[in-house]
Amino acid sequence: MTITVLRAGPQTTLQDWPGRTGYWKVGVPPSGPMDDLSFRLANLAVGNPESAVGIEATMAGPALRFDAPAVVAVTGAPVRVTVAGRPVPQWVPVSVAAGETLDIGPVGAVGMRVYLAVAGGIEAQEYLGSRSTFTLGRFGGHHGRPLADGDELTVGAEAAGTPRRVPSGEVPALTNHWQLGVTMGPHGAPEFFTRADIDDLLGADYEVHFNSDRTGIRLIGPQPRWARRDGGDAGLHPSNIHDNAYSVGALDFTGDTPILLGPDGPSLGGFVCPVTVVAAERWKLGQLKPGDTVRFVAVRSEEAASPADTGVARRATIAAVLSAGGDRDDGVLARSCTADGTTSVTYRRSGDDNILVEYGDMTLDLALRARVHALSERIAAEAPRGLLDLTPGIRSLQVKADPDVWAQRDMLAWLLECEDQLPAAADLVVPSRTVELPLSWDDPSTREAIERYMLGVRSDAPWCPWNIEFIRRMNGLDSVDDVYRTVFDASYLVLGLGDVYLGAPVAVPLDPRHRLVTTKYNPARTWTPENAVGIGGAYLCIYGMEGPGGYQFVGRTTQVWNHRHPLPAPDFDPEHPWLLRFFDQIRWYPVSAEELLDMRADVAAGKGTSTRITDGTFSLSQHREFLDANAADIAATRAAMGAAHEEERRRWSAAGEFAPQEVRA
C-alpha cells in the first residue's frame with residue numbers, strides 16, 4: 001500500500017518507540033515521539049505493536065491519499081480530521097477506502113503535536129537500531145528529514161491485532177496550564193542553588209518560550225540567585241559545571257535560561273539541572289506550546305507512575321499532579337568514598353530512571369576520569385538486568401535503567417557495593433590514539449555565527465565581536481597569536497563524546513599550561529556551523545552538527561561523524577559512524593578556509609583523507625610524573641591565568657553582567 005503526501009505540514013516526521021537507545025554515550029539522542037503516550041495509544045487503536053512506526057506532526061497535520069483500504073487512528077492534540085471530506089473522530093480506529101484522502105488540520109487552543117498510526121505501520125529507514133527521524137543528524141525516518149509534499153510512503157507489515165477505541169478514561173488530559181511531576185536533582189540546593197531558588201522554582205508559573213522544539217523547551221521564569229560565585233575551571237557563570245550526562249526531561253540552566261531537554265536534546269553538557277521530569281510525565285513536553293504555563297511539582301521517585309503503562313495507572317487523564325511532596329534529600333541519594341578512602345563519591349538522582357555517580361571535588365583531575373572509566377567498565381562487564389545506558393562525563397558516570405526492572409533504590413545499593421570492589425585507578429593504562437585533524441583558524445563560518453548571534457540574540461556580550469580576543473583577555477595572554485600557538489601546541493585528551501551531539505568530543509589539554517579557560521555564551525547561540533571548534537571552561541569541543549551552542553570559537557575542522565554510514569569513509573571505523581574514541585589525543589595542523597572546504601567535500605564524498613591517526617597508549621602514572629616534573633612552571637602559568645580570570649570577573653561585575661537579564665537589557 002502506498003500513501004502519497006499531498007500536504008506535509010510544517011514539521012511532520014516518522015518516529016518509532018522507544019526510539020534509538022544505547023548510543024547516549026556518543027551523543028545520539030533517542031528521538032522517537034515527543035508525546036510517547038499519544039503515539040503508543042494511536043498504535044494500540046489500530047492493532048499495531050506500540051513500537052510500530054507512525055507519524056508525528058507539529059502544529060498542523062498532513063493530508064495523505066491512500067491507494068488501498070487502510071485503518072488509521074489520530075491522537076494527540078485536538079484537531080479537525082476528515083476522510084474524503086467527512087469529519088471523523090480522534091482516538092478511534094477509522095477506515096479509509098482506496099483513493100480517499102485523510103486530512104488532519106491545525107492544532108487549536110491546546111496541544112502542539114498530533115499522531116497518526118496506520119495498521120501495519122509505515123516503512124522507514126533504520127539507523128542504529130531505530131527508524132525514528134533525527135532531523136538534526138539527517139538520519140532515520142524518511143531520508144532523515146521531515147516529510148515533504150509529493151513524498152510516497154509504504155505501509156509496513158507489522159503484525160496487526162484487533163483495532164480498538166481508546167477509552168475516554170485513558171485519553172491524556174491537555175491544558176494550557178501544565179503541572180509537571182519532577183524529582184529533585186541532580187544539582188540542587190544548597191550546593192548550586194539557594195533554598196530560595198528552589199522555592200521559586202517550585203512556586204512559580206514558567207511560560208513556554210516561542211523558541212522551543214524537540215531539542216528542548218525554553219522557559220521564561222524567575223532568575224536564580226545562585227549559591228556559587230562561579231563555575232571555577234568550568235566557566236565564570238555559576239551555572240557552569242564540568243561536563244556530565246543529561247537526562248531527557250532535565251531542567252537545564254544554560255546560564256540563566258531554563259530549558260527542559262527533549263528527546264532530540266544533547267546527551268552531555270556543562271550546565272546544572274536542579275530538577276528532572278519523571279519518565280511517566282515526559283509525554284507532556286510534546287504538547288507544550290508557546291504561551292502555555294508550567295508549574296513544577298516535586299514528587300517522590302518511588303511514587304512515580306510507570307512509563308510502561310498507557311492506561312489509568314499512568315495518571316495522565318487529569319491535568320493536576322497529585323503529590324504529598326518530593327524527596328527531601330536535595331537530589332543526593334548517598335555520599336561515600338572510594339575503597340582506599342582517598343576520593344569522595346556522590347550519588348545524584350537524575351529523574352526516576354538515572355543515577356549520576358560523581359567523583360571527587362568540582363575540579364579538573366584526570367584521576368577522576370580514570371575512576372569513571374573503571375566503574376563504567378565494571379558495570380558494562382556485569383550488565384545488570386534493566387541497565388539501558390552508561391554515559392561518562394568529566395568526573396561522573398550516568399547510569400540509566402528501566403525503572404520497572406531496576407528500581408532506583410536497588411540500583412543505588414548495587415552501585416555502592418560495586419564501588420567497594422573497584423581496584424585503584426592510579427595505574428590506569430588505556431589505548432590512546434593520536435588523531436591529527438586540520439583546523440581552519442578563525443574560520444569564516446564561525447565569524448558568521450558570531451554576527452548572527454549579535455544580530456539576533458545579544459550584541460553586548462563580553463565575548464563579542466571576536467571570541468579569540470575574548471579568550472586572550474580571559475587568560476592574560478599578550479596577543480591573539482599566543483592563543484593560536486597555545487591551541488596548536490596542545491594535545492587534547494578526549495574525556496567524553498557527544499558533548500554537542502554525534503561523537504563530538506569534550507577534550508582537555510594534557511599539559512595544564514595549555515588549558516585556556518573561558519566561559520560559555522549566556523544566552524546560548526541559536527546557530528553553530530557543523531564541526532566548529534570551540535573552548536568552554538577548560539574544555540575543547542568539536543560540534544558534531546549544526547545547532548545551538550555556547551563554546552567560544554577558535555575555528556573549524558572536518559567531519560567527526562560519517563553521515564554516509566553504513567557506507568564506508570576513510571579514517572572511520574566501518575562498524576560505527578563516529579571517528580573519535582575515549583582517551584584519543586587530538587592535535588591540530590593549520591589549513592586555510594579554502595583547503596578545509598575541499599577536505600570536507602572529500603570526506604562527504606567518501607574519498608580522500610585529512611586525518612592522521614597513530615596508535616598509542618595513555619598512562620595515568622606517567623602523566624602524573626610529567627606534572628610533578630613541571631610543577632613549578634605549571635603553577636606559575638596557572639596563577640597568571642587565574643589572575644586574568646579574576647580581572648575579567650571584575651570587569652563583568654562592573655558592567656552588570658551578573659545582574660538579572662531584564663536589568664541588563
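The model is predicted, with local features needing pLDDT of at least 70 and side-chain atom pairs counting only at pLDDT 80 or more, while totals for chains, interfaces and linings use all residues. Residues are numbered from 1 along each chain as its sequence is written, and side-chain values use heavy atoms, with hydrogens and water left out.

Helices (H or I, at least four residues) and strands (E, at least two) are DSSP runs, numbered from the N terminus. Two strands pair if DSSP finds at least two bridges between them. An open sheet is formed by six strands in the order β7-β6-β9-β4-β1-β11, with antiparallel pairing. Its edge strands, β7 (86-87) and β11 (152-154), each pair on one side only. Inside the order, β1 (residues 2-7) pairs with β4 (residues 63-66) in the antiparallel sense over four bridges. V5 has L64 of β4 as its bridge partner.

Helix α7 spans residues 480-489, and its buried residues are D482, V483, T486, V487 and F488. Buried means under 20% relative accessible area, exposed over 50%, and partly exposed in between (1.4 Å probe, protein chains only). These buried residues of α7 pack against β27 (434-441), α6 (467-475), β28 (492-497), β31 (532-536) and β35 (585-591), where contact means heavy atoms within 4.5 Å.

A disulfide is counted as a pair of cysteine sulfur atoms within 2.5 Å, and by this rule the count is zero. C273 is in no disulfide, and the nearest cysteine sulfur, that of C541, is 17 Å away. C464 is also in no disulfide; the nearest cysteine sulfur, that of C541, is 19 Å away. C273 is buried, with a relative accessible area of 2%, and C464 is buried at 14%.
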